[in-house]
Amino acid sequence: MSPDTWQHRPVRPGDPVRPAPRNTGSLLVDNIGELVTNDVGGEGGPLGIRRDAALLVEDGQVAWVGPARYAPAADRRIDAEGGTVLPGFVDSHAHLVFAGDRAAEFAARMAGEPYTGGGIRTTVGATRAASDDDLRATVRRLHGEAMRQGTTTIEIKSGYGLTVADEARSLRIAAEFTEDTTFLGAHVVPAEYADRPDDYVGLVCGPMLAAAAPHARWIDVFCERGAFDVDHARAILACGQAVGLGVRVHANQLGPGPGVQLGVELGAASVDHCTHLTDADIDALASHRVDCMCPEGLHTTTVATLLPGAEFSTRSPYPDARRLLDAGVTVALATDCNPGSSYTSSMPFCLALAVREMRMTPAEAVWAATAGGAAALRRTDVGRLARGARADLMILDAPSHLHLAYRPGVPLIRQVLHNGVPQCRP
């Protein structure tokens, strides 16, 4: 898919998801040893697993799923060679519009310096100085990396411009690659407003939001010590809601705080990081539990999106996914791809970390990286392989989804289809 196809306003929560370019004719994917459907209305446990299966794609959507021996005829065919087919990963938290890198900062952390979030301002300076073409090239490179590793849906945030013009252009560029764009003007208070945070909040809620909203589906705030307090965060998010943007919150990453409960209060689609949670935080999230991928449920659920790449790269404690899952909280996994605290575009890597470090089962991690990410974006067209869903899928050179965590770092993904269109092989 060419990124140029997305040069118009992203969908807003509640909008119909716009179609993407698709191959004409029908395509049969057969000889599938294990098919993960995430079709909770069917059989095969929480992942809706089918054996010896086939899948028919028509007009970019899944048209039929069933036993391979009953597969209908099609214009074209892909032989899965007995491998595993899964829905494409849904990466619901990424920061791809930036310039420069912070490799020296990473090296310093590995030598023992703590992560405080202060390095964001380094990236802000580089991003402001970069041309549109430079920023676009970075997004294209990282978007391509993610696609080759099985990610077929990705959310992209602004947040490294922090001026009216730079935030608007960041979102315009992001919208060339995804329909899930997020306005993060409230990432940190930029240096020029360091002594006037109230004035910066006024800028974010006023001219910056007005310039950004036409290119955004979501609004986000880094509600954390050293960034934005709960009153400022509430004001910014409420302004975004007033112009039709859905709510997301960076919450409880660096320590306990009010971000998670603020997100639940405002009906946020997702609260992200969730590294330091109290019992009250978990109770608030559990009260918004969803048991099925139905539009009504997804629109009343605040998902806990966990970002283990950040903990890996900052040597911080990992979130306790087991505690959240046992409480009935809906959990998603995402990369948090950014140049400072999690410079990875690999959902398979984050999935393996979730199993090894966060006490998730392989099945729970696969669900969280696909259907969970879709829930965090309030999408019902992705994250599953059932009739009517978008034909986003990956084929593994492996007999089971278990191998994604069992064989970390191994390039298992043989082929990726996006809207039914085969992408470049990894």
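**Ground rules.** This is a predicted model, where local features need pLDDT of at least 70, side-chain atom pairs count only at pLDDT 80 or more, and totals for chains, interfaces and linings use all residues. Residues are numbered from 1 along each chain as its sequence is written, and side-chain values use heavy atoms, with hydrogens and water left out.

**Leu285.** I looked up its burial first. Leu285 counts as buried, at 1% relative accessibility. Leu285 sits in helix α8, residues 279–286. For elements I used DSSP runs, numbered from the N terminus: helices are H or I, at least four residues, and strands are E, at least two. Contact here means heavy atoms within 4.5 Å. Setting aside neighbours within four places in sequence, I found Leu285 in contact with Val260, Val264, Val271, Thr302, Ala304, Leu324 and Val329. I also checked Thr330, which is 45 residues from Leu285 along the chain; their C-alpha atoms are 8.1 Å apart.

**Whole chain.** I counted 15 helices and 16 strands. Of the 426 residues, 59% count as buried. Among contacts between residues at least 6 apart in sequence, 73% join residues at least 24 apart.

**Confidence.** I read pLDDT as the predictor's confidence in each residue, from 0 to 100. The chain mean is 91, and 89% of residues reach 70 or more. Residues 1–11 have pLDDT below 50, and this stretch has 39 contacts in the model beyond near neighbours in sequence. Residues 290–299 are also below 50, with 19 such contacts.

**Helix α13.** Which residues of α13 are buried? In this helix, residues 362–369, I found Ala365, Val366, Ala368 and Ala369 buried. Seen down the axis, the buried residues of α13 fall within an arc of 165°, so they line one face of the helix. The arc is that of the directions from the helix axis to the C-beta atoms. The buried residues of α13 pack against β5, β6, β13, α12, α14 and α15.

**Helix α12.** I moved on to this packing partner of α13, residues 347–357. Its buried residues include Met347, Cys350 and Leu353. At the start of α12, a side-chain oxygen of Ser346 comes within 3.1 Å of the backbone nitrogen of Phe349. Just after α12, Arg359 takes a positive phi of about 65°.

**Asp91.** I found this residue in strand β6. A polar atom of the Asp91 side chain lies 3.4 Å from the backbone nitrogen of His93. Beyond neighbours within four places in sequence, the contacts of Asp91 include Thr151, Glu155 and Met347.

**Positive phi in loops.** Arg378 has a positive phi of about 50° although it is not a glycine. Arg378 lies in the loop between α14 and β14 and is buried, at 13% relative accessible area. Asn419 has a positive phi of about 55°, and it is not a glycine either. I placed Asn419 in the loop between β15 and β16. Asn419 counts as buried, at 1% relative accessibility.

Terms used. Buried means under 20% relative accessible area, exposed over 50%, partly exposed in between (1.4 Å probe, protein chains only). A polar contact is a pair of N or O atoms within 3.5 Å; within protein, one must be able to donate a hydrogen and the other to accept it, and residues adjacent in sequence count only if both atoms are side-chain atoms.
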